[in-house]
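Please keep the sequence and the model in view while going through the numbered points.

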Amino acid sequence: ILSPTQMYVYLPAFKKVRRIASHVTDQGFMGMNFAQDEMSITGYAKMYTGEVTSEDDKNRKITMTQKADTGAPYAKVEMTVEKARNLPTELKYYSESGTHVKTETRSDYTCEKEFCAPVTLKMVDHTKNGASTTLTRKKWKVNLDIPDSRFSKRALEEGT
């Protein structure tokens, strides 16, 4: 994923790289309930305006509404953030009509150096009778010295 509009997938059985058409980024990939839209978001500030709408001792709820002309995939996102580590634990995604369409939960965070990431990600699609996909991280490495050239279409094609 190079940007919200530029995504590629490597198909090992065919040894080919294919660009994901921008008109299908809201659809699941390989039967998952995660769409490319959700996986391409690396930051919310460029696409959404956020406002703290509630909080208690442990959590803060932030309601984010899409900014005009940003290509934000959802009209509104409600994010629950764990206050102790300032990490998101739940995201509720809403359509233009205000319908709650998906819920993403992030749990079992582990930290390496100053970086924290969830071990488990679960996406529930409420438009598909609650169908869900759970992704579980088995292992990870932080801040490897990987050159930018590895993240190119050519590098994927060469398998380097």
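1. Helices and strands are here DSSP runs, numbered from the N terminus; a helix is a run of H or I with at least four residues, and a strand is a run of E with at least two. Counted in this way, the protein chain has two helices and nine strands. The model under review is a predicted one.

2. The order of these elements deserves attention before any detail. Starting at the N terminus, the protein chain reads β-β-α-β-β-β-β-β-β-β-α.

3. Some overall values may be stated next. The protein chain has 160 residues, and 30% of them count as buried. Its accessible surface amounts to about 10,600 Å², and carbon and sulfur atoms account for 50% of that area. Where contacts join residues at least 6 apart in sequence, 29% of them link residues at least 24 apart.

4. How are the strands arranged in the open sheet? Seven strands take part, in the order 3-4-5-6-7-8-9, with antiparallel pairing. Strand 3 and strand 9 (131-136) are at the edges; each has a single partner strand, and therefore one side of each lacks a neighbour in the sheet. On average, neighbouring strands of this sheet are turned by 20° against each other, with direction ignored.

5. The pairing can be followed from strand 3. Strand 3 (residues 48-55) and strand 4 (residues 59-66) run antiparallel and are joined by seven bridges. The two strands form a hairpin, with three residues between them. Within this pairing, Tyr 48 has Gln 66 of strand 4 as its bridge partner.

6. Strand 4 also pairs with strand 5 (residues 76-82), in the antiparallel sense and over seven bridges. Here Lys 61 is placed opposite Thr 80 of strand 5. Further along the sheet, five bridges connect strand 6 with strand 7 (residues 100-112), again in the antiparallel sense. In strand 7, Glu 104 is the residue opposite Leu 91.

7. How many aromatic pairs does the structure hold? There are two aromatic pairs. One of them is formed by Tyr 44 and Tyr 48, which are tilted, with 6.3 Å centre to centre and 45° between the planes. Both Tyr 44 and Tyr 48 are buried.

8. Tyr 74 and Tyr 93 also form a tilted aromatic pair, with 4.7 Å centre to centre and 35° between the planes. This pair links distant parts of the chain, 19 residues apart: Tyr 74 belongs to the loop between strand 4 and strand 5, whereas Tyr 93 belongs to strand 6 (residues 87-94). Tyr 74 and Tyr 93 are both buried.

9. Two charged side chains are placed over aromatic rings. Lys 76 lies over the face of Tyr 94, 4.4 Å from the ring centre. Arg 137 is positioned over the face of Trp 140, at 4.3 Å from the ring centre.

10. What surrounds Lys 67, apart from its neighbours within four places in sequence? With those neighbours set aside, Lys 67 is in contact with Ala 45, Lys 46, Met 47, Tyr 48 and Thr 49. Lys 67 itself lies in the loop between strand 4 and strand 5. Its C-alpha atom and that of Thr 49 are separated by 6.4 Å, although the two residues are 18 apart along the chain. Lys 67 has a relative accessible area of 33% and is therefore partly exposed, a term used for values between 20% and 50%.

11. Most residues other than glycine have a negative phi. Asp 108, however, has a phi near 60°, a positive value in a residue other than glycine. Asp 108 is placed in strand 7. Asn 143 likewise has a positive phi, near 55°, and is a residue other than glycine.

12. Is Asn 143 buried or exposed? Asn 143 is exposed, because its relative accessible area is 57% and the term applies to values over 50%. Asn 143 is found in the loop between strand 9 and helix 2 (153-158).

Terms used:
Residues are numbered from 1 along each chain as its sequence is written. This is a predicted model: local features need pLDDT of at least 70, side-chain atom pairs count only at pLDDT 80 or more; totals for chains, interfaces and linings use all residues. Side-chain values use heavy atoms; hydrogens and water are left out. Two strands pair if DSSP finds at least two bridges between them. Buried means under 20% relative accessible area, exposed over 50%, partly exposed in between (1.4 Å probe, protein chains only). Contact means heavy atoms within 4.5 Å. Accessible areas come from the Shrake-Rupley method with a 1.4 Å probe; for residues, only the protein chains shown count as cover. Rings of Phe, Tyr and Trp (its six-membered ring) pair if their centres lie within 6.5 Å; planes under 30 degrees apart count as stacked, over 60 as edge-to-face and the rest as tilted. A charge sits over a ring if NZ of Lys or CZ of Arg is within 6 Å of the ring centre and within 35 degrees of the ring normal. Axes are lines fitted to C-alpha atoms, for helices over the stretch in contact, and angles run from 0 to 180 degrees between N-to-C directions.
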